[in-house]
Amino acid sequence: MRPIRFDGRVLFLSADAGAVRRQLQGEDLERETAGALRDDVSTDEITPLPSLVHFDDEIGRHAHTGYRAGESNPIPLDALRLGGFGVLVAGRRYGKGSSREHAPLAERAAGIKLVIAESFERIYRQNCDNIGLFTSTDFGLLDRIRAGQAIPLAGLLQGRDELAARILAAGGLLEYGRTHLGDAKPASLPEDTVPRTLTQKIIARHLLAERGRRWTAEPGSGGFVRARFRFIHEIYTAMAAHMLHRCYGRPLALHEPDTILCFEDHNSYAHRSPTHRRQNLLPAIRRLSEGHRAFARDYELKDRGYLAGEEGSEGISHALMAETYAVPGEICVGTDSHTPHSGALGCLAFGVGTTDMANAFMTGAVRLTVPESLLIRLEGSLPSGVTAKDVVLKLLAEPRIRAGLGLGRVFEFAGPVVSAMSIDERATLTNMTAELGGFSGIVAPDAETARFIRERRGDDVVIEDWMASDPGAPYAAELNLDCSVLTPMLAAPGDPGNGIACDELAAPVPIGIAYAGSCTAGKREDFDQYHEVLAWAAARGLKVPGNVVFYLQFGTVAVRRYCEERGYLDTFRRVGAQILNPACGACAQCGPGVSSQAEEVTISAINRNFPGRSGPGKVWLASPPTVAASAIAGEVVSFGELQRRISNV
């Protein structure tokens, strides 16, 4: 591939809104004069909700319209394209959050050809490779670009694996897959006795041997694996279909279509989202659903969609994967960053972008760079009232995690606290490795895993001896957390890493919305926790105050049935909660629980509180008990604090 010349201006994504606006108005800044670069730029900011209904060049007009600098959004519609920018420059953990491939697609459609940042989130960077958008951590490129020099491909790919170079040289993943992956066969298992992590073992058992090339399961090696299941949901299906029909024509010969699953889980409550109604997005949402259903129908794929005759869907995709499909020792991939939910079962589950999934639909091959593993040992025991969500919020606030220790790595959770957890609680840990910056999260399967699968599916599974990390297995780092000293945690608005203990709040935080649900907090055990708080409140005649709206939303229909069988719904209604059928809902700004005004404050059990994620207001993250207690109190409090207040009245 010839050296590449990057024409166009350089836009420094500064934390100073004024510096951003000056660049948009035509002034070219140097790195020294641009001010501090923004860290943690999320895909929610690069492509906020209104952009997600587009998958053609129109999406370029929306690039970075959700970008936050201080309290403002300095980048208006079409600003990047009209400004003639070709290079973006930012700080650490660029592209964090959602797996949405809309983000790099929007940047490329706006004229961006290169993104330079101190570090990148794994899914975002892989999505860039797949569509031919270059990324680099070499700030030395800036002087060469501004001098008009052409940059050799090797200079753009320092520190990257060979596969990234091959995909970029081929013009993207779909073209590479069509040319090289049609006859990929399973690779042979290594015969040595080298100690390996559970993740390495799973990858080795699913690795594909591409013609003329041999990949390994060693960290840093790029290659392809065969997944037990591939799943997609309605935000991405039409985009994937568009890509595939443009590349392969019609009809498509999908690889093993019986292992492809389709879900409509994000938009089933969009008609009740204030954002969707205000911005007239519902016609476009309906087109996305029509495209999703047409693809599933045309290729006879399993489609788990809307409930018949009522609002909501069968369930959130990754929650249903854990309840119904994921198997220990296997691989599962989905077009959602919270696919690691199924890691609670000892399944290597990870999120991919639309192009990755489109390629996997045709070739059965799923791209990955073999990740390193972190050993996260949870020691001691959880105090009463402290949950897995509190553990994750504490981990997110750890300085080493905030500095990027987990980027692109597998979080292997172990220790006595994990052993004592249910699968539902373990799923909270693995689900939120997306927020921790990880490739995935996993827990070695055990008797609790077998019990869960037998209870939920009626199936018996054998936990084989190989399904655990070997003594002496290589870990990039080990992090030990003494859970015995934990108290209920919060994440202050703006980022899940803004951790603070509930009892360290400097002043009362009144709320207007309490939201209890999502994949992270819509499971059976989460509803046990909600019910414990609300039954206590109901027994004392307490209710949700009139200035608070409290939503309880199930993760799947099986969770709803569980609550019905235990009589929970009567308790929920007695305290004034509004009950919602399964959907991603407020977490994806697609239903009730979304704020309408900047001054609104929400306490939420979801996994993310990036700016604009759940509306224009401020979102505090918390555990299920804390959300339920706060709904009753009308302000942010733990259940223990609520109990103390009432007992002292």
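Predicted model: local features only at pLDDT ≥ 70, side-chain atom pairs only at ≥ 80, totals over all residues.
Local features need pLDDT of at least 70 and side-chain atom pairs count only at pLDDT 80 or more, while totals for chains, interfaces and linings use all residues. Residues are numbered from 1 along each chain as its sequence is written, and side-chain values use heavy atoms, with hydrogens and water left out.

Start with the largest nonpolar core. A nonpolar core is a set of buried Ala, Val, Leu, Ile, Met, Phe, Trp, Tyr and Cys residues joined through side-chain atoms within 4.5 Å. Buried means under 20% relative accessible area, exposed over 50%, and partly exposed in between (1.4 Å probe, protein chains only). The largest core has 84 residues, and Tyr94, Tyr124, Phe224, Leu254 and Phe350 touch the most other members. Helix 11 (residues 234–248) supplies the largest share of this core, eight residues. Helices (H or I, at least four residues) and strands (E, at least two) are DSSP runs, numbered from the N terminus.

Contact means heavy atoms within 4.5 Å.

Phe139 sits in the loop between strand 5 (134–136) and helix 6 (141–146). Is Phe139 buried or exposed? Phe139 is buried, with a relative accessible area of 17%. Among the residues touched by Phe139, beyond those up to four places away in sequence, are Arg31, Leu37, Val89 and Ala117. Phe139 and Ala117 lie 22 residues apart in sequence, yet 7.7 Å apart in space, C-alpha to C-alpha.

Four strands form it in the order 18-17-16-19, with parallel pairing. Two strands pair if DSSP finds at least two bridges between them. Strand 18 (440–442) and strand 19 (477–482) stand at the edges, each with a single partner strand, so one side of each has no neighbour in the sheet. Neighbouring strands are turned by 20° against each other on average, direction ignored. Axes are lines fitted to C-alpha atoms, for helices over the stretch in contact, and angles run from 0 to 180 degrees between N-to-C directions. Strand 16 (residues 373–379) and strand 17 (residues 410–414) pair over five bridges. Ser373 has Val410 of strand 17 as its bridge partner. Helix 16 (residues 388–397) packs on this sheet and touches strand 16, strand 17 and strand 19. The direction of helix 16 makes about 125° with that of strand 19.

Helix 15 (residues 354–363) is largely enclosed by the rest of the structure, because 10 of its 10 residues are buried. Just after helix 15, Gly364 takes a positive phi of about 75°.

Now move to strand 25 (residues 601–604). In a regular strand the side chains alternate between the two faces of the sheet. Both faces of strand 25 are covered: Val601 and Ile603 are buried on one side, Thr602 and Ser604 on the other. Strand 22 (residues 513–516) pairs with strand 25 in the parallel sense over three bridges, and Ala514 has Ile603 as bridge partner. Strand 26 (residues 618–622) also pairs with strand 25 in the parallel sense, over four bridges. There the bridge partner of Ile603 is Trp620.

Nine of its 10 residues are buried, so helix 25 is largely enclosed by the rest of the structure. The buried residues include Pro624, Pro625, Val627 and Ile632. Gly634 follows helix 25, with a positive phi near 80°.
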